[in-house]
Amino acid sequence: MKRLLKGGRVVDPASGVDGAFDVLIDGDRIDRVARDLPADGAEVVEIPDGLIICPGFIDMHVHLREPGQEHKETVASGTGAAVAGGFTAVACMPNTDPINDDANVTSYILKKAHEAALARVYPIGAVSRGSRGELLADIAELKAAGCVALSDDGRPVATALLMRRALEYASMFGMLIIDHCEDASLKGDGVAHEGYQAAALGLRGIPGAAEAIMVERDVLLSEVTGAPVHIAHMSARASLRAVRKGKDAATRVRCEVTPHHFTLTDEALASPVAYDTNVKMNPPLREVADRDAMIEGLRDGSIDVIATDHAPHHYDEKKVEFDRAPFGIVGLETELGLFIDLLVHKHHKIDIARLIAMYTIAPARLLKIDAGTLSIGARADVTLIDPELEWTVRIDQFESASRNSPFNGWKLKGRAVRTIAGGKTVWKL
């Protein structure tokens, strides 16, 4: 069946397209992008003025929890949250139960994604067996089963030697290593950023150096091996300095930042509600200077990708003392709105075309997946955005199985209004 998206502004950074065009979809593929296309029997979808048609968004860092933690999220509920946020593809981290360190777990995740038939799911396999940081996982097996990258996320790749071997081995298969950068000895049993706010509240601190030291290590090892490395959920200004230094030296280092790290600071620990466990995440919310550094990194291109680190937890798990609560928040359904509202509209740091590139072609190239473009013959994954739509975050309306978000009640401007995956509308506002 053919569908013609008629009207609106088409923005496809991969093809260099930005203007008033129509998009013709034939089955599950993009057939043509051109001005004033005739219907010729296609179903016509009139796109209102002001809406943007762009390639389907990709989030390269989410936690879908299945198998083993279905009380937090399932592949079905997680991909439901994804399409409600405008994402047609997600890459899921391996810290499930059991860990995704063999082909059986990978195949199970892919099976569940096929059954859900919403967003595409790209599994990320574990770097080490059981993510214990001792022995490398069977990378060849994980690649053959469908994993697109490797990470021990939730934990750092434990030692410099293991990281070097992982970079060398993964590069043989064209796979990216994504590292959760954290020096365990410096982090200790910290639960919040080491600074005034944590001290005032009596919370054990995690210094920014705990992250930055590991980023420095990974940048150097990438230079030594010539293999690419991706720094996950970067939060500290010293980490950004290390990444910039690596890029200046032509090292193959890339990085991402989450919406909460360019939106909030550690001041949220005390206000509006002290000890709110929905502002407990790892890496923690940091100081204003760190937050501002992340925004500047987005503006100047030092940061390559935006990713949610979508980390669902059951209500009961978060409804405990701050020290005992798990790290993490959900983000798939608020990410785009936060970005457009704060960085496009309010602070004027980034234009909409750059935003779209960071959600489409940038993660697609890093993961080496067939996505992120509206070029002829590409899979018909499309996100429609209304950048002027004003809305209020309501966690009770989330598609995710969990509600652990600090953004409930926030008034935002800009969001996805329709998500098309494989030529079919899978979500519409």
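**Reading strands, a helix and cysteines in a predicted model**

Mentor: Ile58 stands opposite Ala89 in S9, and since this is a predicted model, we shall treat such pairings as features of the prediction.

Trainee: Which strand is joined to S9 by the bridges around that pair, and do the two run parallel or antiparallel?

Mentor: Strand S8, residues 57–62, is joined to S9 by four bridges, and the two run parallel. Between S8 and S9 the chain passes through helix H1, residues 75–84, in a β-α-β crossover that is right-handed. S9 also has four bridges to strand S10, residues 120–125, again in parallel, and there Cys92 has Pro123 as its bridge partner.

Trainee: How many of the six residues of S9 are buried?

Mentor: Six of the six residues in S9, which spans residues 87–92, are buried, and the strand is thus described as mostly covered.

Trainee: What is the strand order in the open sheet of four strands?

Mentor: The order is S5-S4-S1-S6, and the pairing is mixed. Strands S5 (29–34) and S6 (43–46) stand at the edges with a single partner strand each, so one side of each has no neighbour in the sheet. On average, neighbouring strands here are turned by 20° against each other, direction ignored. Within this sheet, S1, residues 2–6, runs parallel to S6 and is joined to it by four bridges, with Arg3 standing opposite Glu43 in S6.

Trainee: Turning to helices, why does the distance between the end C-alpha atoms of H7 agree with its 18 residues?

Mentor: The general idea is that an α-helix has 3.6 residues a turn, so residues three or four places apart point the same way. For length, one takes 1.5 Å a residue, and the 18 residues of H7 (208–225) should therefore span 26 Å, which agrees with the 26 Å between its end C-alpha atoms. After H7 comes Gly226, whose phi is positive, near 75°.

Trainee: How many disulfides does the count come to?

Mentor: A disulfide is a covalent bond between the sulfur atoms of two cysteines. With a cut-off of 2.5 Å between the sulfur atoms, the count here comes to zero disulfides. Cys181 is in no disulfide, and the nearest cysteine sulfur, that of Cys255, is 10 Å away.

Trainee: Is Cys181 buried or exposed?

Mentor: Cys181 counts as buried because its relative accessibility is 6%, and Cys255, at 0% relative accessibility, counts as buried as well.

Note on methods. Residues numbered from 1 in each chain as written. Predicted model: local features only at pLDDT ≥ 70, side-chain atom pairs only at ≥ 80, totals over all residues. Heavy atoms only, no water. Expected span 1.5 Å × (residues − 1). Pairing = 2+ DSSP bridges. Axes fitted to C-alpha atoms, helices over the stretch in contact; angles between N-to-C directions. Buried < 20%, exposed > 50% of the residue type's maximum accessible area, 1.4 Å probe, protein only. Right-handed = clockwise from strand over helix to strand, strands pointing away.
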